[in-house]
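Have a look at the structure first, and then we'll start with a single residue.

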Amino acid sequence: MFENFQTLILILDSTVRLSTPLLLACLAGLYSERSGIVDIGLEGKMLGAAFGAGAIAYLTGNAWLGLLGGIGVAILLALLHGYASITNRGNQIVSGVAINFLAIGLTALLGQSWFHQGGRTPPLPKGGRFQDIVLPGAEAVKDVPFLGPIYYELLSGHNILVYVAFAAVPLTWWVLFRTRFGLRLRAVGENPAAVDTAGISVILLRYRAVIICGILTGIAGSYLSIAQSSGFIKDMTAGKGYIALAALIFAKWKPVNAMFACLLFGFLDAIAIRLQGQALPLIGEVPVQFFQALPYILTVILLAGFIGKAIPPKASGVPYLKERT
Amino acid sequence: MSAGQLPRWVDYGLIPLLNLAAAFLVSGLVVLLIGENPLEAVEILLWGSLGFGEGVGFTLFYATNFIFTGLAVAVAFHAGLFNIGGEGQAYVGGLGVALACLALDQYVPWWVTMPVAVIGAALMGAAWAFIPAWLQAKRGSHVVITTIMFNFIASSLMVYLLVNVMAKPGSMQPETRTFEEGGRLPFLNDLQSWFDFGTAPVNLSLIIALIACVLVWVVIWRTRLGYEIRSFGANATAAVYAGMLPVRIIIVTMLISGGLSGMMALNEIMGSQHRLLIEFVAGYGFVGIAVALMGRAHPVGIVLAAILFGMLYQGGAELSFEKPAITRDMIVVIQGLVILFAGALENLFRPALVRIFTPSRVPAVQAG
């Protein structure tokens, strides 16, 4: 019994670690899509940020500067997406695809050209990586049955970006549903013409949403290279941006749902790692590929309308053309 | 800002060229950034892709892949659909090719296997596009999202099948056994003698791809179905009002598109690798988007764009060999830039060109 509990805690602990980048990217997509800008470039922005953070953290030996670098790269890519889809009214899907291509190519090319290690950045010096934080009293309560491990393993002992990610959930909820900016943001994703009529700039609002998206994907990417691992590895996002996109749909574009969707997808990932090559009671050995595909299968089932209905913001993907006379 | 304001040669000739030039200009800057000479790089690239028989052969081999995936994206474009799932459809299409070859190769010659493999590829690719198509048609869930999801599901499924079901007995490699003669398409080198492609694997699939181009042109511009597809893409509401059935158009278009993607596997699996292996699609499905955008969703444009991308692939390989600093990732960067400038920033030069080419006697009121 106690052993099972320990295993469960360990799985949940890695769930939290694996969900964090998904959650940050998912919230990033939420701001963008709520404002009417579809973003399938989450993956590329995360990858670019991971590279930027890894490179700068290595050069400066400072994790915070690395984080800033990562956010900077992601914002640049986000502004490119904004320029293409807001100012130029281009196709937002195409722009997202382009950004993903650019990020994969440029990070590998520049990584090889600058560091000569097959596209990776060199291992980070000690200060270049976000260290795990032990919450107050964690050591003291470690041996208390049940509650001790929950506090020590699950809540304590993560790096700062994990706490940032989970704090961003209520913050996003508050911004979206309790501030004027949030109201306008949601309105511009549903009916930009109405927002425009009220004398508010659609373009400016959407650019702000896209920049917030850049900041959050920047943190998500930095988490991968300078918190979870110690350095950038070629193509290290490995589809996480797309899982975040799936989570966003699964969460029906709502912040709290987004957290649960990301935790679910992170949990599936943790289980897949844990169960590799192990047989489950009753079912037998489940192929690891099944768990890898499950987030996408679940999202498709959701989209099919079997688990409620996912309705995207009405104006998402539609460029806004201010009428000229 | 709509089409029709500009002369056709500007719309279909000058704008794509300007976009392409911008993409290459920025690519040149990237080459400068990593400390190499862009002009020298272009020279190596051109020589590597067109300078000798084998280079031409590889260029055409890659182009074959791009023709199939480019056509797939283009057909969907005409119905206003964005099939981003070429990657998964081609991967599963490989399953159809491999099953046909594995079943027949020991008993019959290649020309008996070939039609079965073509049908297998197209059927499997189309099947993989069917569920996203059905969901779009019936449930209104966006085809872009579902096809992305299906790319990942395909990848997991194929890894599972190759590792656990189809792998050669006693081998740790996630790939099937190598096909016998009866499961191999002939190389173009063996079919003719007036041009030497060296060891390049360019094969009969190229001819099949060109036939597919003609068929796509016929279907889209010369049949009732094509008319419905184009009408639906241009104005879905009007098409429905004219009595066309949206569910049928969406599903049929996506099936054609998926089938074309699936046929890409013919070139790789039956034409070159002669076995089904992991990750053989390697991004060709995604590049189809760039090809279709560059080619303006017209078969002729697609063939030209496919050859251009084939040159990039082959020349890029040669380039990374000559200049180790410019790794093959440079090709991915160039693709990204082409997609960006030819697709997302399509309107970048248009306002300026409209100003240049609009005769001043047209009242300004009509613009906008």
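A:His116 counts as exposed because 12 other C-beta atoms lie within 10 Å (the cut-offs: buried means 20 or more other C-beta atoms within 10 Å of the residue's own, exposed means 12 or fewer, partly exposed is in between, and C-beta atoms are placed from the backbone). You'll find A:His116 in the loop between helix 4 and strand 1 (132–133) of chain A. Helices (H or I, at least four residues) and strands (E, at least two) are DSSP runs, numbered from the N terminus. The phi of A:His116 is near 55 degrees, a positive value in a residue other than glycine. Most residues other than glycine have a negative phi.

A:Lys252 also has a positive phi, about 55 degrees, without being a glycine. A:Lys252 sits in the loop between helix 11 and helix 12 (255–275) of chain A, and it is partly exposed because it has 15 C-beta neighbours inside 10 Å.

A word on the ground rules: this is a predicted model, where local features need pLDDT of at least 70 and side-chain atom pairs count only at pLDDT 80 or more, while totals for chains, interfaces and linings use all residues. Residues are numbered from 1 along each chain as its sequence is written, and chains are lettered from A and ligands numbered from 1 in the order in which they are written.

## Chain A as a whole

Chain A has 13 helices and 4 strands. Its C-alpha trace spans about 75 × 50 × 40 Å along the principal axes. The radius of gyration is 20 Å, which agrees with the value near 20 Å for a compact globule of 325 residues (taken over C-alpha atoms; the globule rule is 2.2 Å times the number of residues to the power 0.38). Buried residues make up 51% of chain A.

The UniProt record (an unreviewed entry) puts "transmembrane region" at residues 65–86, 93–115, 160–177, 209–226 and 289–307 of chain A; such annotations may be inferred rather than shown by experiment, and positions use the numbering here, with feature names shortened. In the model, residues 65–86 of chain A are 100% helix, with end C-alpha atoms 30 Å apart. Residues 209–226 of chain A are 100% helix too, and there the ends are 25 Å apart.

Chain B has 15 helices and 0 strands. Its radius of gyration is 22 Å, close to the 21 Å from the globule rule for 368 residues, so chain B is as compact as a globular protein of that length.

Helix 5 (residues 110–139) of chain B has 30 residues that should span 44 Å at 1.5 Å a residue, and its end C-alpha atoms, 42 Å apart, agree with that (the expected span is 1.5 Å times one less than the number of residues). Helix 5 of chain B bends by about 35 degrees at B:Phe130, with B:Pro132 following within four residues; the bend is the angle between axes fitted to the seven residues ending there and the seven starting there. In helix 11 of chain B, 23 of the 28 residues are buried.

## Where the chains meet
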